[in-house]
Amino acid sequence: MCIQFLDGEKWKSISKERRIFYKPVLATRGNILSDNESILATSLPFYRVAFDPTVAKADVFNNGVDSLAMLLARFYGDRSEDYYRRKIKNARHSDRRYLRLNSRQINYQDKS
């Protein structure tokens, strides 16, 4: 009882000084270095390629869809040019605004 009533203010001020506050610290992505500053590990961003096939005007779309399909087939190397052409045309025909072209993730260098 004595602590609560007589020394209450004293213990409140002490508790404020010694209180632990939890504050989230967002980790920065980047390198993990050793004690001699050589890189032990690094963070690399990866991306998935998607686009909206409904944005282009009809003539621009029709003139460029074959080239786009050829380049996608060459870049990914997993499907035929015809597969990508049909996928893009079907998405445009059904007014799909978000078309993921491939589920494979690409790195920063491939994105550029």
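Asp82 and Arg85 form a salt bridge in which the closest N and O atoms are 3.3 Å apart, a salt bridge being a side-chain nitrogen of Lys or Arg within 4 Å of a carboxyl oxygen of Asp or Glu. The model is predicted, so local features need pLDDT of at least 70 and side-chain atom pairs count only at pLDDT 80 or more, whereas totals for chains, interfaces and linings use all residues. Residues are numbered from 1 along each chain as its sequence is written, and side-chain values use heavy atoms, with hydrogens and water left out.

Salt bridges with shared partners join Asp66, Glu81, Asp82, Arg85 and Arg86 into one network. Asp82 is partly exposed at 38% relative accessibility, and Arg86 is likewise partly exposed at 46% (buried means under 20% relative accessible area, exposed over 50%, and partly exposed in between, with a 1.4 Å probe and protein chains only).

Arg85 has a further partner in Asp66, and their side chains meet in a salt bridge of 2.6 Å, N to O. This pair links distant parts of the chain, with Arg85 in helix α4 (residues 81-93) and Asp66 in helix α3 (residues 58-76), 19 residues apart. Arg85 counts as buried, at 18% relative accessibility, while Asp66 is partly exposed at 36%. By the rule given above, the count comes to five salt bridges. Side chains of opposite charge can pair when their charged atoms come close.

Rings of Phe, Tyr and Trp (its six-membered ring) pair if their centres lie within 6.5 Å; planes under 30 degrees apart count as stacked, over 60 as edge-to-face and the rest as tilted. Three aromatic pairs are counted by this rule. The ring centres of Phe75 and Tyr76 are 5.0 Å apart and their planes stand at 80 degrees, so this pair is edge-to-face. Phe75 is partly exposed, with a relative accessible area of 35%, whereas Tyr76 is buried at 6%. Tyr76 also pairs with Tyr84 in a stacked arrangement, 6.2 Å centre to centre with 20 degrees between the planes. Tyr84 is buried too, as is Tyr76. Ring pairs link Phe75, Tyr76, Tyr83 and Tyr84 into a cluster.

Arginine side chains also meet rings. The charged end of Arg79 sits over the ring of Tyr83, 4.6 Å from its centre, and that of Arg92 sits over the ring of Phe61 at 4.4 Å (NZ of Lys or CZ of Arg within 6 Å of the ring centre and within 35 degrees of the ring normal).

Asn102 brings the account back to Tyr84. Asn102 lies in the loop between β5 (99-100) and β6 (106-107) and counts as buried, at 8% relative accessibility. Its side chain makes a polar contact of 2.8 Å with the side chain of Tyr84, and another of 2.8 Å joins the side chains of Asn102 and Asp78. A polar contact is a pair of N or O atoms within 3.5 Å; within protein, one must be able to donate a hydrogen and the other to accept it, and residues adjacent in sequence count only if both atoms are side-chain atoms.

Technical notes:
Helices (H or I, at least four residues) and strands (E, at least two) are DSSP runs, numbered from the N terminus.
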